[in-house]
Amino acid sequence: MTDKDEEMMRRALGVGHHGDPSPNPHVGCVVERDGNVIAEGFHAAAGQDHAEVVALKEAGDAAKGACLYVTLEPCNHEGRTPPCCDAIIEAGVSRVVIGCPDPNPNVEGGGIQRLEEAGIEVVTGVLKAECEELIAPWAKYVTEGVAYLALKLALSLDGRIATRTGASKWLTCAESRARVHGLRAWHDAVMVGINTVIADDPRLTVRDVPGRNPIRVVVDSKLRLPSNSQLVTSARETPTCVVTTHAADAAAAEALEAAGVAVLRVAPTAEGRCDVLSTLKALAEREVVSVMCEGGAELAGSLLAAKLPDQMHAFMAPVMLGPRGKPGAVDWAGPESPAEAPRIDNARWELSGSDAYVHGRLRYPAKTRTSPGT
């Protein structure tokens, strides 16, 4: 591995963030010769050319004898598109540098082995951690059959999400709201609890930035979703799904379906609520790779108690809301000690207008055991 390898892989990572390939992974590719980039590509959408093929088509005959950098191991199987390994071999590439291996347990035949058997020099593990982060949602989806989950919170300095009257618009500034819209566009689905819908009547669409609308998911065990809510009245324009239990009223479900809302039934908890892990599995079965939960406090608490969120995005406004006796941003029992609390690993703090924005992967420490008598 050389400094040039890292430089080119970093460029491939930047390219790889483009596109909307779900349920496939984000992948970036660069074709280089003598220190010059001659082509680059990314996987734009499922069913379209993979990143390697896009770059090789752009490179044309110049790919012969060149070095190809790709963030994910090239595929060696027939899926929606032909194997990328075949295209690389046919193009005459002499060297391939790979960021991270393919974690898909359902794929037979490794791309690395196929390329090496063809006489191509293969280098692996360049900026591996960054490349794994790029495909983290897809990796969880293909290895566990569960949608990757990000938890977004907007809260005051004292950890509240609304005033004593329940008012919450607008807690954070315009810059933060635009960032949230960008996060919505990045995820396949955005999820809220029924109490948030009843209190705020949100649209959950992408408006402040360019991007496509995610699927809107409401967790609603008793099917209380109002027929005149913005989510229901716009369900035929923007895909909308209600997750409920098998015990929910059939007539209410039929009325929602008639309005264009998909009704998804999952196993209930002992309290009769929607089981949150079953919800993420059911969404994954429908090719939803990534979900962002935007509240409310009860749903966020259930998810954290089950240790399900993979990532956190918290926007903290410089205001104090109180109120006495009201739940905070997350309504749950919580850990017994700070050492056992979920923590953002390598937390990234930024200013977002007048707000503080912290985000990163969540880590769940193991429960600390104390010896008798201590």
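The structure holds 1 aromatic pair. The rings belong to phenylalanine 315 and tyrosine 357; because their planes stand at 0°, with the centres 4.2 Å apart, the pair counts as stacked. Phenylalanine 315 lies in strand β12 and tyrosine 357 in strand β15 (residues 355–363), so the pair links distant parts of the chain, 42 residues apart. Phenylalanine 315 is buried, at 1% relative accessibility. Tyrosine 357 is buried too, with a relative accessible area of 5%. The model that shows this pair is a predicted one.

An open sheet can be followed next. It is formed by 5 strands in the order β2-β1-β3-β4-β5, and its pairing is mixed. Strands β2 (36–42) and β5 (121–124) are the edges, each pairing on one side only. From one strand to the next the twist averages 20°. Strands of a sheet pair through backbone hydrogen bonds, in either a parallel or an antiparallel sense. For strand β3 (residues 67–72) and strand β4 (residues 95–100) the sense is parallel, and the two pair over 5 bridges.

Most residues other than glycine have a negative phi, and most peptide bonds are trans. The peptide bond from serine 22 to proline 23, however, is cis, with omega near 10°. Proline 23 sits in the loop between α1 (3–16) and β1 (28–33). Another cis peptide bond joins glycine 295 and glycine 296, where omega is about 5°. Glycine 296 belongs to the loop between β11 (290–293) and α12 (297–305).

Glycine 296 leads on to threonine 196. The backbone nitrogen of glycine 296 lies 2.9 Å from a polar atom of the threonine 196 side chain. Threonine 196 is part of helix α8 (residues 194–200). With a relative accessible area of 14%, threonine 196 counts as buried, because the cut-off for buried is under 20%. Its neighbours within four places in sequence aside, threonine 196 is in contact with Asp201, Pro202, Gly295 and Gly296. Proline 268 is 72 residues from threonine 196 along the chain, and the C-alpha atoms of the two are separated by 20 Å.

Helix α11 (residues 276–285) comes next. Its buried residues are Val276, Thr279, Leu280, Ala282, Leu283 and Ala284. At the start of α11, a side-chain oxygen of aspartate 275 comes to within 3.4 Å of the backbone nitrogen of leucine 277. Just after α11, glutamate 287 takes a positive phi of about 65°.

Positive phi values also occur in loops. Lysine 307, although not a glycine, has a positive phi of about 55°. Its place is the loop between α12 and β12 (311–316). Lysine 307 counts as partly exposed because its relative accessibility is 49%. Asparagine 346 is not a glycine either, and has a positive phi of about 50°. The loop that holds asparagine 346 runs between β13 (343–344) and β14 (348–352). Asparagine 346 has 70% relative accessibility and therefore counts as exposed.

Notes:
Residues are numbered from 1 along each chain as its sequence is written. This is a predicted model: local features need pLDDT of at least 70, side-chain atom pairs count only at pLDDT 80 or more; totals for chains, interfaces and linings use all residues. Side-chain values use heavy atoms; hydrogens and water are left out. Two strands pair if DSSP finds at least two bridges between them. Helices (H or I, at least four residues) and strands (E, at least two) are DSSP runs, numbered from the N terminus. Axes are lines fitted to C-alpha atoms, for helices over the stretch in contact, and angles run from 0 to 180 degrees between N-to-C directions. Buried means under 20% relative accessible area, exposed over 50%, partly exposed in between (1.4 Å probe, protein chains only). A polar contact is a pair of N or O atoms within 3.5 Å; within protein, one must be able to donate a hydrogen and the other to accept it, and residues adjacent in sequence count only if both atoms are side-chain atoms. Rings of Phe, Tyr and Trp (its six-membered ring) pair if their centres lie within 6.5 Å; planes under 30 degrees apart count as stacked, over 60 as edge-to-face and the rest as tilted. Contact means heavy atoms within 4.5 Å.
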